[in-house]
Amino acid sequence: MPSVRALVVRESSDQPTLAIEELDNSDFVQRPLRVRVGYSTLNYKDGMVMKGIGRLVRSYPHVPGVDLVGEVVSDTSGTFTPGDWIIATGFRIGELYWGGYSEEAWLDPSWALKLPTTIPPRRAMGIGTAGLSAMLAIMGLETMNVLPGSEDPLLVTGAAGGVGSIATALAHKLGYLVAASTGRATEAEYLKHLGASFIVARSDLDTGPERPLESERWLGCIDSVGGQTLARVLAQTKSAGAIAAVGLAGGANFTSSVMPFLLRGVSIVGIDSVNAPLSARETAWQRIGELLDAELLDSMITEIGLDDLPTYADRILHGEVRGRIVVRLNPSL
Ligand SMILES: NC(=O)c1ccc[n+]([C@@H]2O[C@H](COP(=O)([O-])OP(=O)(O)OC[C@H]3O[C@@H](n4cnc5c(N)ncnc54)[C@H](OP(=O)(O)O)[C@@H]3O)[C@@H](O)[C@H]2O)c1
């Protein structure tokens, strides 16, 4: 095959190096499903991989990109047919295995789903792992009976980020009253456009709780931030409420008390989009396709090329990215 362009991370004594390289077949682990990648995305985890944070990558050289959408070139397992469009997210693609920042990818077919016909490829990556996680978070809250129609607000933290933007839009569409927490006051209008009814300053939440139980403010929460924000939200969640713990943009550790669990019956639901079973993914993608307004999704997307990724890796880790970053690979597809 002619060579394909990819963003390759190589180990170095300090921080890993990033460069666009030309690869050929022999560079890849040749798994059964070969795909021409149309688009990938930038998630917080991709920033960590590109910057060598969190020991997510076990062997170098490495091609990041936890999400990809592409056209099947061949599939020796017979699961997919050449010409099919597939979507692959999680399953440690872009961490343990080479991912979407390449014009071609070789995948295990069990990592892929046929792309729903209702979702065009670019928009599918506008959704990506962030949108899938937002939908899984809502599904987690539903299992805890945290349902739309209440006058109490559902809080979304890190709201102007990828998970937060899509969570805000989906929750509003479902009929929740959405409170969006952001550290960027300049994004208030953007968040209201997505469906937030009111804005909460990040600084109201990131200090940790003042008491084990504070005034009850939230029906529930979709939390991308973690750390002491999660601890404070826990102390402010209403009786029988629940928090979907999705992320750690504000820190991995938190100090709390058991009082919200014992005296208010509050629950924390863990969200793991990487290992979510295919059945849950299919349901989530189906629901996203039905719920998410296409124009609203387009308003969240910034499109970049492979060459822009090193700069954007820094930006996402510094909380400077709004909405979703889609990475263009083969625009001819
Ligand atoms: N569990 C899963 O399966 C799963 C899946 C996807 C993502 N995640 C995690 O979810 C988190 C969000 O991912 P993402 O792709 O949406 O990232 P993102 O686009 O960077 O969004 C994160 C948002 O968090 C806020 N934030 C950033 N730094 C902060 C800080 N120091 N303190 C408080 N808030 C801060 C910012 O929002 P504002 O400017 O609006 O405050 C930022 O936009 C990440 O931790 C990611 O690893 C987990």
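In which loop does N145 lie? In this predicted model, N145 belongs to the loop between α2 and β8 (154-156).

The space that the ligand takes up is the largest pocket. Around the ligand there are 27 residues, and those that come nearest are T182, G183, R184, I271 and S273. Sorted by class, this shell holds 11 nonpolar, 13 polar and 3 charged residues. Where do these residues come from? Domain 1 (4-115 + 298-328) and domain 2 (129-270) each give at least three residues to the shell. Two helices take part as well: α2 (121-143) and α3 (162-174) each contribute at least two shell residues.

One of the nearest residues, S273, places a polar side-chain atom 2.7 Å from an oxygen atom of the ligand. How much of the ligand does the protein bury? Taken alone, the ligand exposes 910 Å², and the protein buries 88% of that.

As a rule, most residues other than glycine have a negative phi, and most peptide bonds are trans. N145 is not a glycine, yet its phi is positive, at about 65 degrees. The other spot is the peptide bond from Y60 to P61, which is cis, with omega near -5 degrees. To find P61 in the structure, look in the loop between α1 (44-51) and β4 (67-75).

Notes. Residues are numbered from 1 along each chain as its sequence is written. This is a predicted model: local features need pLDDT of at least 70, side-chain atom pairs count only at pLDDT 80 or more; totals for chains, interfaces and linings use all residues. Side-chain values use heavy atoms; hydrogens and water are left out. A residue is near a molecule or strand if one of its heavy atoms lies within 4 Å of it. A polar contact is a pair of N or O atoms within 3.5 Å; within protein, one must be able to donate a hydrogen and the other to accept it, and residues adjacent in sequence count only if both atoms are side-chain atoms. Accessible areas come from the Shrake-Rupley method with a 1.4 Å probe; for residues, only the protein chains shown count as cover. On a 1 Å grid over the protein atoms alone, a cavity is a set of points where a 1.4 Å probe fits but cannot get out, and a pocket is an open set with protein on both sides within 12 Å along at least five of seven lines; lining residues have an atom within 4 Å of a point. A molecule sits in a cavity or pocket if more than half of its atoms lie within 2 Å of its grid points. Helices (H or I, at least four residues) and strands (E, at least two) are DSSP runs, numbered from the N terminus. Ala, Val, Leu, Ile, Met, Phe, Trp, Tyr, Cys and Pro count as nonpolar, Asp, Glu, Lys and Arg as charged, and the others, Gly among them, as polar. Domain bounds come from an automatic or database domain assignment.
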